[in-house]
Amino acid sequence: MKVVRIAALALIGFSFATANAQTTNDYVPGEIIVKLKSKTATLNAQAFVGKVVAEKGMTLKGSWTGLRMHHLALKAGESVERAIIELQQDPDVEFAEPNYYVHQQSAGQEGEVISMDAARDQAYANSLSSSSSYSSQTSAPIQVAQAWSAESTNSSLIPVVAVVDTGIDYNHSVFVNSGAVWTNTREIAANGLDDDGNGYIDDVRGWNFVANNNTPLDDDGHGTHVSGIVLGTTQDITATPIAAAKIRIMPLKFLDSNGSGTTSDAVKAIYYAVNNGANVINNSWGGGGFSNSLLNAINYAYDHKVAFVAAAGNASNNNDASPTYPANYTVPNVMSVAATTDMDGFASFSNYGAQTVHVGSPGSSIWSTFPNNTWGRSSGTSMAAPFVSGMAAIMLRESPSMTGYQVKNLIFAQGNSISSLQNKTTTRNRINVLSALNSAKTAVVATSQPYYDVSAARAPASDSTQSESVPACGMVAKAIYDAKDGNGPQGPHRILAFLTLLLVLVSPIVLNVVLRNREGGKARRKHTRYQIDSAVTLKFGDRELTGQVSSISMGGVQVNTDAWLENGGIVKMSIQSPDGKEEIKVEGRVVWSEERKAYGVAFNNADSSIRSQIQGWTKSLLGT
Ligand code: CA
């Protein structure tokens, strides 16, 4: 069997290596993301997590109930490749994949960073002379990407743009004085509680998914620059005094001080944005292979009518031939944005794609905020995307019932056709904010949007690049296809075809072993589990919560509660008997979770008296 395992692992390793030349093995060691099939009942989802925790020594790092996805850490020393090949054999698993790394999409900061006062001086100079340093921001093409003077017919409505990035310096005077940073009004600051029950404690202004705290401050500069552009689309951010913001920016930090992050944190950030009221999500980052997890998170945003704006990338790359994610996901709310220059040329660094990149937007030498009350210029599709995000938000202010999908279509239709985008984008247009804004004011709101089949989208047979980046199954399909090619497999494909055939030949043996292990696992379940319906009071730190116990065994309980319990946390429970006449007091540890819904709690100290009580409660019940 050792030989079989080695062959199988070699194939998977190869599939990652060929997924994308620039992202070889670019994923977090020892972590995976798993999605369960839709037909899997909630109890089975919990049983699944309990199983991989108990039998494979995995640790649950997080669950996204609405996505049916779980983020798991593997047992020390366990390989990602082996875990994926095993889990993909599990009938409950829709997919299992690595936790990819992703990166910001800025081509870099240019020139010196200057102070707030100097920025004001430059803005003032600009009002006197077009030759000042700020003047390129007011070139005709950039002006049409901004809508400073547009009067709003819905002045009380303030749309929210989630900036999923390196964080924001929310102490920058531009954001403080305009009041542009989003506030979670359902959360009470610094009381140590998750007041709104969204799973995050004291998240009054977004979240830092890197440090897992409520301080999404920017330690890089990228997110602050992007945020200034979002706000700058809707008003003059150098004005003194600055006007009150017409939109809000929700800071969601998932890129670290080097501008790098993970798919799991991107999924968390997108999930948070959607669940906490963002209308638009700005994504000035990319990288990694095709990720089913990310695709599902974007589809979740689409289902909730949220617009998703993505930078096309800065590698002068043709995204039709070599996809850049998340810009290349085909979910209908995605806008893939290329960068144009201040004179409507195509920015030399920008990715393009006549089939896959949608619009152009100014992204060359863009002036915006940097941390610590400074200002500076940056170039990149990172700078182009936030113009589109700010524009989508200001359109939603005019017509708040529009879906992100309708906003996208208006943006695409209302741009200006420019020659440099003719073979580079699907619309051939550079955005025009005023025009799109006017169309939003008069648009007939479409409440429906096309159905998007996320399962069908994840590995289209016709897209060899996408199927290459899907581990195992997609890889096999691709290799067989190559082997059938009239010219015969060449070079790496020849090796691939050989390994694939080897896998196809040995897979019944592997499957057999996996299935036997599964049977063994079932037989090894320590305790019979009984369905009951009992009230429970939980003490979790200082908090006292109530819930229902829906199943019990000698080893633990499943507790259903809307409250948020930290995985691994210690809970003191008072469990009522089903008839309400008795009570068991027992301490346990949270071993798995479906956030704000259900938790598995393993007993720490179930002594013989507790065990006999459980026996009494369940003796007439049929266990599983
Ligand atoms: Ca909260």
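For comparison, the ideal angles for six octahedral donors are 90 or 180 degrees.

The donors themselves are E187 through OE, D194 and D196 through OD, N198 through OD1, Y200 through O and D203 through OD, and they coordinate the calcium ion at 2.2 to 2.4 Å. Read along the sequence, these donor residues follow the spacing E-x6-D-x1-D-x1-N-x1-Y-x2-D. If we take the pair E187 and N198, both residues belong to the loop between α6, residues 173–178, and β7, residues 207–208, and they are 11 residues apart. As to how enclosed they are, E187 counts as buried because its relative accessibility is 6%, and N198 also counts as buried, at 10%.

Before going further, a word on confidence. The mean pLDDT of the protein is 80, with 75% of its residues reaching 70 or more. Over residues 1–24, however, the pLDDT is below 50, although this stretch has 44 contacts in the model beyond near neighbours in sequence. Residues 124–136 likewise have a pLDDT below 50, and that stretch has 21 contacts in the model beyond near neighbours in sequence. Where pLDDT is low, the predicted coordinates should not be read in detail.

Now to the aromatic residues, where the structure holds 14 pairs. In one of them, F209 and Y272, the ring centres are 6.1 Å apart and the planes stand at 80°, so the pair is edge-to-face. Since F209 sits in the loop between β7 and α7, residues 222–232, while Y272 sits in helix α8, residues 263–275, this pair ties together parts that are 63 residues apart in sequence. Both F209 and Y272 are buried. A second pair, F346 and Y352, is also edge-to-face, because the centres lie 6.4 Å apart and the planes are at 80°. Here F346 counts as buried, with a relative accessibility of 18%, whereas Y352 is partly exposed, with a relative accessible area of 23%.

Ring pairs also link W182, Y200, W207, F209 and Y272 into a cluster, and Y200 is the residue that gives its O atom to the calcium ion. Two charged side chains sit over rings as well: the charged end of R205 is over the ring of Y170, 3.9 Å from its centre, and the charged end of K424 is over the ring of Y352, 4.6 Å from its centre.

The buried residues of α11 are G404, Q406, V407, K408, L410, I411 and F412, and they pack against the strands β12 (307–311), β13 (334–340), β14 (359–362) and β18 (429–430), and against the helices α10 (381–398) and α12 (433–442).

Definitions and conventions:
Residues are numbered from 1 along each chain as its sequence is written. Side-chain values use heavy atoms; hydrogens and water are left out. Donors are N, O and S atoms within 2.8 Å of the metal (3.2 Å for Na, K and Ca); water is not among the atoms, so sites may look incomplete. Helices (H or I, at least four residues) and strands (E, at least two) are DSSP runs, numbered from the N terminus. Buried means under 20% relative accessible area, exposed over 50%, partly exposed in between (1.4 Å probe, protein chains only). pLDDT is the predictor's confidence in each residue, from 0 to 100. Contact means heavy atoms within 4.5 Å. Rings of Phe, Tyr and Trp (its six-membered ring) pair if their centres lie within 6.5 Å; planes under 30 degrees apart count as stacked, over 60 as edge-to-face and the rest as tilted. A charge sits over a ring if NZ of Lys or CZ of Arg is within 6 Å of the ring centre and within 35 degrees of the ring normal.
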